[in-house]
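Please look at the points below alongside the model.

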Amino acid sequence: MERRSPGVQVNQTIIEEAIDQVLTGNREAYRTIIQAYERKIYTYCYYILRSHEEAEDAVQDIFVKVYQELRRYEKRVSFSAWLYKVAYHHCLDQVRKRKRRNRLLSLYKEQQPKAYYNPNDEEPLQKLFMDDLTAEESNLLILKVVEQYSFEEMGQIMDCNSATLRKKFERLRKKLVRQRMNEGGSPHGEMARSN
């Protein structure tokens with residue numbers, strides 16, 4: 001069964017050709033890679049960092065890092081999995097830095113507009129990410145539910161055993177169902193059971 005990815009499909013052959021061109025010195029070919037993944041990586045970073053500005057900065061940093069490290073990419077792993085792995089580690093670093101600066105973190109939370117969160121006009125998936133989730137929990141949801149990666153692919157991205165991720169995802173799913181029930185909602189339709 002082929003994995004469906006939401007949004008625009010990325011032609012892997014074109015990406016691999018662009019990578020080869022960049023590695024032979026054609027820096028302009030990197031634009032193809034950026035255009036193919038920029039929006040997806042931005043969305044991924046936003047849901048982990050929960051800040052538009054930090055997500056925009058992260059995307060720039062990630063694509064610079066990927067360009068500098070492109071020779072380390074091994075074709076035995078899909079390019080998107082490798083790219084998400086770089087993004088994952090970059091975002092975790094950003095979260096760690098933020099935690100070290102508790103004063104800035106509290107200012108950030110105070111600046112979140114209360115009017116932005118209105119459960120009546122949100123998509124169910126976006127509501128999931130507005131709850132108090134850790135960076136790891138947000139990452140699990142994004143990779144499994146939004147990007148529809150298998151647990152094996154997620155394991156490559158997160159440097160973790162796929163069975164461990166499957167268990168963590170199942171606990172997260174139960175946590176979200178309990179939250180939904182506590183809010184008086186229906187547990188059905190929020191998240192599908194893990195494969």
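**Notes on a helix pair and two residues**

1. Glu136, Asn139, Leu140, Leu143 and Lys144 of H7 meet Phe151, Met154, Ile157 and Met158 of H8, contact meaning heavy atoms within 4.5 Å. By class, this contact of H7 with H8 has six nonpolar, one polar and two charged residues. Here Ala, Val, Leu, Ile, Met, Phe, Trp, Tyr, Cys and Pro count as nonpolar, Asp, Glu, Lys and Arg as charged, and the others, Gly among them, as polar.

2. This is a predicted model, in which local features need pLDDT of at least 70 and side-chain atom pairs count only at pLDDT 80 or more, while totals for chains, interfaces and linings use all residues. Residues are numbered from 1 along each chain as its sequence is written, and side-chain values use heavy atoms, with hydrogens and water left out.

3. Asn139 is in helix H7 (residues 135–146); helices are DSSP runs of H or I with at least four residues, numbered from the N terminus. Asn139 counts as buried because its relative accessibility is 0% (buried: under 20% relative accessible area, 1.4 Å probe, protein chains only). Beyond neighbours within four places in sequence, Asn139 contacts Tyr44, Ile48, Tyr88 and Met158. Its C-alpha atom is separated by 9.7 Å from that of Cys91, 48 residues apart along the chain.

4. Glu16 belongs to helix H1 (residues 12–23). With 19% relative accessibility, Glu16 also counts as buried. Not counting residues up to four places away in sequence, Glu16 touches Tyr73, Lys75 and Phe79.

Key: Buried < 20%, exposed > 50% of the residue type's maximum accessible area, 1.4 Å probe, protein only.
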